[in-house]
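The sequence and the structure are shown below.

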Amino acid sequence: MLVVGSGGAGMSAAVSAAGAGARVLVTTKSALGAGNTGRAQGGIQAAVGDDDSTESHFEDTFAAGHRTARPELVRRLADGGPEAIAWLSALGVSFTRDEGRLRLLRCGGASRKRLLQAGERTGAEMVKALRGAVRASGAEVWESTTLVDLAPEGDGWRATLAPGGNGTRRTVHARAVVLAAGGGLRGEADALGIGSTNHPDATPEVLRLALDLGAEGRELDSWQRHPTGSVWPESLAGYALPETTRAYGATLHDADGERFVDELAPRDVVAQAIIDTVQAGRGAEAPDGSAGVWLDTTAIDRENGSGFTAERLAYVHNRYLKAGMDITTERVLVYPVLHYRNGGLAIDENAATTLPGVFAAGEISGGVHGANRLMGNSLLDTVVYGRIAGASAAEAAR
Ligand SMILES: Cc1cc2nc3c(=O)[nH]c(=O)nc-3n(C[C@H](O)[C@H](O)[C@H](O)COP(=O)(O)OP(=O)(O)OC[C@H]3O[C@@H](n4cnc5c(N)ncnc54)[C@H](O)[C@@H]3O)c2cc1C
């Protein structure tokens, strides 16, 4: 079987399929593990807290998606949370603990503290562990090799793969295929000239290929903005300050210093409030004239004590220090940036698309989040549905 892409979803699928006895080939556009997954800083949601339940995780997720997601898919996502964390831990992801207990944060749209972190770069830690697991699984990996065509052939699919540079195209026959090529929003953002948080590999050709083959899609044009894209300093323009800044107490203010939204509301609500504030002429301006609102990161140390930002948000703090700005004494000008494709290829609970023998997982799929995604649920989606897709595809190939 063939796995296309090697972010969280592709690597989880490959490990799961190889574990189920399938002969697996992973083809991926650049290096193994390169993609949006490695950029994730905020964390991963799972109902592991003492006062939490998978039912509550389900409710929060379904409500944040405006009740447009497929309930069965949301249910499987929430139910799979604790087991996904156990699986990642077994692969070597070291989730941050306070005095021996998992550290949990409440993030936008969640009714409980449910966000786990592995240091400050949870996605990068996941990629490191999954990369090792893929290498150990026996799956074959073709790096710098892009899927350019897929066509039905006999009992499966013929995939045309293009190695980087001027390499000769190769075709492979696979009984089953897992599409895990991500949401491709960088491609869309570049075409529209809008800022995006996405990795350069995040282009939508695989999604389009599947749709052209007749796969059903859902909420394809529902794109999530990350509320707090940095506007200034120029060298950090478009960089998304993680949601944890607001979970730790950073507040949003218009040019007059007034707060205008609940900072822990779901992302679509916060992003829209920022856009409305700027459009109403209440935004502040960067030296180059770009508009935004103030994210008062100085509130974090005021609320939690001096040194808190330097310890808990060391990565963000240092990035700004290098750019000549101290976020413990200065506020950051922010404006929403394009971040995540909420929809994608329609899947069922086994991660099957409507094309026979073709499965999908991660940001390329649709129906898990509906028209808006909760922060931290995407990393969980890649693991829960990546593993399901791998097992389903292995079974289909058999
Ligand atoms: C800056 C940033 C911060 C984020 N923070 C969080 C967070 O804190 N918590 C959270 O839950 N989510 C977060 N997200 C979202 C989350 O990281 C992604 O949605 C998720 O990791 C996507 O995983 P994926 O495996 O579906 O896709 P990706 O990780 O993007 O992987 C896609 C893979 O497909 C490959 N590929 C693409 N096209 C082709 C092709 N034609 N042929 C072969 N290979 C191809 C790519 O090279 C890549 O390996 C964040 C995203 C960004 C960008």
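## Ligand shell, helix packing and domains

In this predicted model, the shell around the ligand comprises 15 nonpolar, 25 polar and five charged residues. Of the 45 residues around the ligand, those that come nearest are Gly5, Gly7, Gly35, Gly42 and Gly362. Two or more residues of the shell are given by each of the elements α1 (8–19), β8 (145–153), α7 (205–212) and α13 (377–397). The most are given by α13, with four residues.

The helices α1 and α13 also pack against each other, at an angle of about 35° and with their axes 7 Å apart. Their crossing is right-handed. On the α1 side, the residues that meet α13 include Gly8, Ala9, Gly10 and Ser12; among their counterparts in α13 are Leu379, Thr382, Tyr385 and Arg387. By class, this contact of α1 with α13 has 12 nonpolar, seven polar and one charged residues.

The two sets of residues described by class are set out below.

| Set | Nonpolar | Polar | Charged |

The protein is divided into domain 1 (2–183 + 342–397) and domain 2 (225–338). Taken over C-alpha atoms, the centres of domain 1 and domain 2 are separated by 29 Å. Their contact takes 13 residues from domain 1 and 14 residues from domain 2. On the side of domain 1 that touches domain 2, five residues are nonpolar, five polar and three charged.

Key
Residues numbered from 1 in each chain as written. Predicted model: local features only at pLDDT ≥ 70, side-chain atom pairs only at ≥ 80, totals over all residues. Near = placed C-beta within 6 Å. Nonpolar A, V, L, I, M, F, W, Y, C, P; charged D, E, K, R; others polar. Axes fitted to C-alpha atoms, helices over the stretch in contact; angles between N-to-C directions. Left-handed = near helix turned anticlockwise from the far one by under 90°. Contact = placed C-beta atoms within 7 Å. Domains from an automatic or database assignment.
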